[in-house]
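The exercises below ask you to work with the links between side chains in one protein chain.

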Amino acid sequence: MALNSISLLPIKSINISSSSTCYYKVFIPQKSSKIVCQMEKSNSNREIKKWKAIVSTALAAAVITFSSNMSAMADLNKFEAETRGEFGIGSAAQFGSADLKKTVHTNENFRRANFTSADMRESDFSGSTFNGAYLEKAVAYKANFSGADLSDTLMDRMVLNEANLTNAVLVRSVLTRSDLGGAIIEGADFSDAVIDLLQKQALCKYASGTNPVTGVSTRKSLGCGNSRRNAYGSPSSPLLSAPPQKLLDRDGFCDPATGLCEAS
């Protein structure tokens, strides 16, 4: 039966889904009418497809970049581990709270390493380099640091009872609140080290020798004899370290008039 088309424009649209729209097209025949619903893709659907493609491409690129970065980081970490630190200037190794009892690590590079609260009892670290390392609260009872470079290390609250520091270099080390009772210090260099007054006084009773590397006398590095202001210990505690002002002259040297400059 022939149909006469009255209108080709949509009279009403109904949203069937987020990606489709139903349009009415009205045809008037000679004796009856018929409604035909046609489904067409909207512009929004094409936009969604476009964004899906963009996001997929971006995610793929991100995965490739992340994978390559991980590989590069792994190579860098391996290089730093082999060369003992960034650009070969320090190990940055982590030994915090590690059990290192009776281990042997002679002539090794522990520069800038972390030994915080490590158990280093009776271990052998002779000849090793600890420059700039962190050893606070480590227990190094009877540990062997002979000939070791402990300069610029943070060694506060450390247990060093009967430790062997023969010919060790402890220049500018921080030893506040550390216990060096019975430590062997012959030839050790404590120049500019920060040590509590009572510890210095105890060490000065038997300090002897000259450091073979720096050429500095152990007694002189400790300031034994109170000939200079730094002989009075560290500023870790004013009560423990502050020298009696009457012993010092205007320039910070011991005042000979007190008669106590050479007191042992």
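A residue is called buried when its relative accessible area is under 20%, exposed when that area is over 50%, and partly exposed in between. The model used throughout these exercises is a predicted one.

**Exercise 1.** Find the partners of the salt bridge between Asp119 and Lys101, and decide for each whether it is buried or partly exposed.

Solution. Begin with the contact itself: the side chains of Asp119 and Lys101 meet in a salt bridge, with 3.7 Å from N to O. Then place the two residues along the chain: both Asp119 and Lys101 lie in the loop between helix H1 (43–82) and H2, so their pairing ties together parts that are 18 residues apart in sequence.

**Exercise 2.** How many salt bridges does the structure hold, and what are the N to O distances for Lys142 with Glu162 and for Asp156 with Arg157?

Solution. The count for the structure comes to six salt bridges. For the pair of Lys142 and Glu162, the distance from N to O is 3.9 Å, and the two residues, each in the loop between H1 and H2, stand 20 residues apart. Lys142 is partly exposed at 40%, and Glu162 is likewise partly exposed, at 39%. For Asp156 and Arg157 the distance from N to O is 2.9 Å; here Asp156 counts as buried with 11% relative accessibility, whereas Arg157 is partly exposed with 44%.

**Exercise 3.** Which two cysteines form a disulfide, and which parts of the chain does the pair tie together?

Solution. A disulfide is a covalent bond between the sulfur atoms of two cysteines. The step of reasoning needed here is a cut-off, namely that the two sulfur atoms must be within 2.5 Å, and by this rule the structure has one disulfide. The partners are Cys204 and Cys224, whose sulfur atoms are 2.0 Å apart. Because Cys204 lies in helix H2 (residues 197–204) and Cys224 in the loop between helix H3 (218–222) and helix H4 (238–241), the pair ties together parts that are 20 residues apart in sequence. The link between Cys204 and Cys224 is left-handed, with -90° about the S-S bond, and both cysteines are buried.

Notes: Residues numbered from 1 in each chain as written. Predicted model: local features only at pLDDT ≥ 70, side-chain atom pairs only at ≥ 80, totals over all residues. Heavy atoms only, no water. Helix = DSSP H or I, 4+ residues; strand = E, 2+ residues; numbered from the N terminus. Buried < 20%, exposed > 50% of the residue type's maximum accessible area, 1.4 Å probe, protein only. Salt bridge = Lys/Arg side-chain N within 4 Å of Asp/Glu carboxyl O.
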